[in-house]
Amino acid sequence: MPGTYIPDVLETIGYDAATAASFAPWDTADATLGRVVRVDKGVAGVLTETGPVRASWGGAVLSRIAQDPTEAPCTGDWCVIREWPDHRATVEHVLPRRTAVVRATAGKSAEGQVICANVDLVGLVVALHPLPAETKIERLLALAWQSGATPVVLLTKADLVDDGDDVAADVRRLAPEVEVVLVSVETGQGVDRIRELIGGRATMALVGTSGHGKSSLTNALVGAQVLSTRTIRDDGRGRHTSVRRELVMLPGGGAVIDTPGLRSVGLVDAEEGLAHTFADVEELAAACRFDDCAHGTEPGCAVKAALEDGSLPLRRWESWRQLQREAALMSLRRESRERTKKTEQVRRSRQYEQDRQHKRQERE
């Protein structure tokens with residue numbers, strides 16, 4: 001890569017040998033590598049090897065978006081930028097994503113919405129006041145595991161409660177493989193640990209409900225007021241502060257991506273995420289006598305036995321079942337949508353051929 005200073009900056013936010021290899025086929029005289037730091041209605045702010053630019057979508061990118069909306073550039077993407085003689089810049093190609101945080105869109109469209117990409121860590125920001133619901137944490141964990149990144153539970157506003165350690169212990173029992181950090185931006189508790197996890201070059205996405213402290217935590221990590229903040233309501237529901245996803249570089253290297261609050265967390269193709277989140281339930285289900293056990297009245301059901309002896313809490317079992325039902329419904333909707341799409345493509349193709357044949361007949 002040409003230049004000296006800016007490439008070093010890119011290295012502090014994740015540029016590595018794999019990124020270089022992905023960019024190599026596109027490395028021409030008029031192409032520049034960059035990372036998307038924010039997106040505003042079809043225009044991206046991109047940090048490139050030559051400096052920051054504002055770039056709109058190129059023709060090839062627009063074509064891919066028309067086929068699949070998840071192909072649209074999003075915060076965290078590495079991309080190929082072309083700068084034109086009239087000083088315009090366009091995103092010509094989005095490099096393959098290592099990881100992607102994807103949630104289901106609202107409604108019945110069964111489409112996925114990419115929240116951010118190429119993150120190493122997903123910080124699940126959950127306020128300790130009011131007492132967080134375990135079902136909500138499980139849903140966020142499934143989202144994070146499915147992304148391919150490593151989840152970290154960040155229990156914020158620790159200065160407002162006296163039982164933070166107890167809540168953290170409960171979360172660790174839910175997710176023994178996941179680090180849980182008690183955080184207070186008022187006292188500084190946990191902030192240094194998050195910096196250690198980022199380690200000077202990793203990217204952490206901050207995901208959670210509005211008002212739970214994502215923007216405040218970003219400001220604490222930067223050491224300055226770079227994002228506006230608002231307080232959480234007494235009922236635990238937040239007020240939207242962040243309205244877009246923004247990658248913020250940290251002074252010691254690395255970056256965080258502040259995301260808008262999630263009112264709902266729908267899961268898309270979440271089989272792996274659910275398997276990680278509910279590894280204990282999956283292990284029990286695999287131990288049943290029959291492979292197709294419905295975990296009801298079948299003999300030799302390990303799940304039923306665990307529910308009866310209390311080793312599997314009923315709440316956790318019902319949470320797993322609910323998310324499994326949602327995942328199955330989303331899968332059916334996606335399959336139906338794909339069938340409809342293919343049918344429409346066939347219809348248009350046939351119509352096109354009929355129109356061509358009709359024109360040929362008219363000329364003859």
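Student: Where do Asp-192 and Arg-195 lie?

Tutor: Both sit in helix H6 (residues 191–198), 3 residues apart, about one turn of the helix. Helices (H or I, at least four residues) and strands (E, at least two) are DSSP runs, numbered from the N terminus. Note that this is a predicted model, where local features need pLDDT of at least 70, side-chain atom pairs count only at pLDDT 80 or more, and totals for chains, interfaces and linings use all residues. Residues are numbered from 1 along each chain as its sequence is written, and side-chain values use heavy atoms, with hydrogens and water left out.

Student: What do Asp-192 and Arg-195 form?

Tutor: A salt bridge, with the closest N and O atoms 2.8 Å apart. The term means a side-chain nitrogen of Lys or Arg within 4 Å of a carboxyl oxygen of Asp or Glu.

Student: How many salt bridges does the structure hold?

Tutor: There are 18. One of them pairs Glu-138 with Arg-316 at 2.7 Å, N to O. That pair links distant parts of the chain, from helix H4 (residues 134–147) to helix H11 (residues 314–363), 178 residues apart.

Student: Is Glu-138 buried or exposed?

Tutor: Buried means under 20% relative accessible area, exposed over 50%, partly exposed in between (1.4 Å probe, protein chains only). Glu-138 is buried at 0%, and Arg-316 is buried at 5%. By these cut-offs, Arg-195 is partly exposed at 34%.

Student: Which residues are linked with Glu-138 and Arg-316 in a network of salt bridges?

Tutor: Glu-134, Asp-280 and Arg-315 are linked with them in that network.
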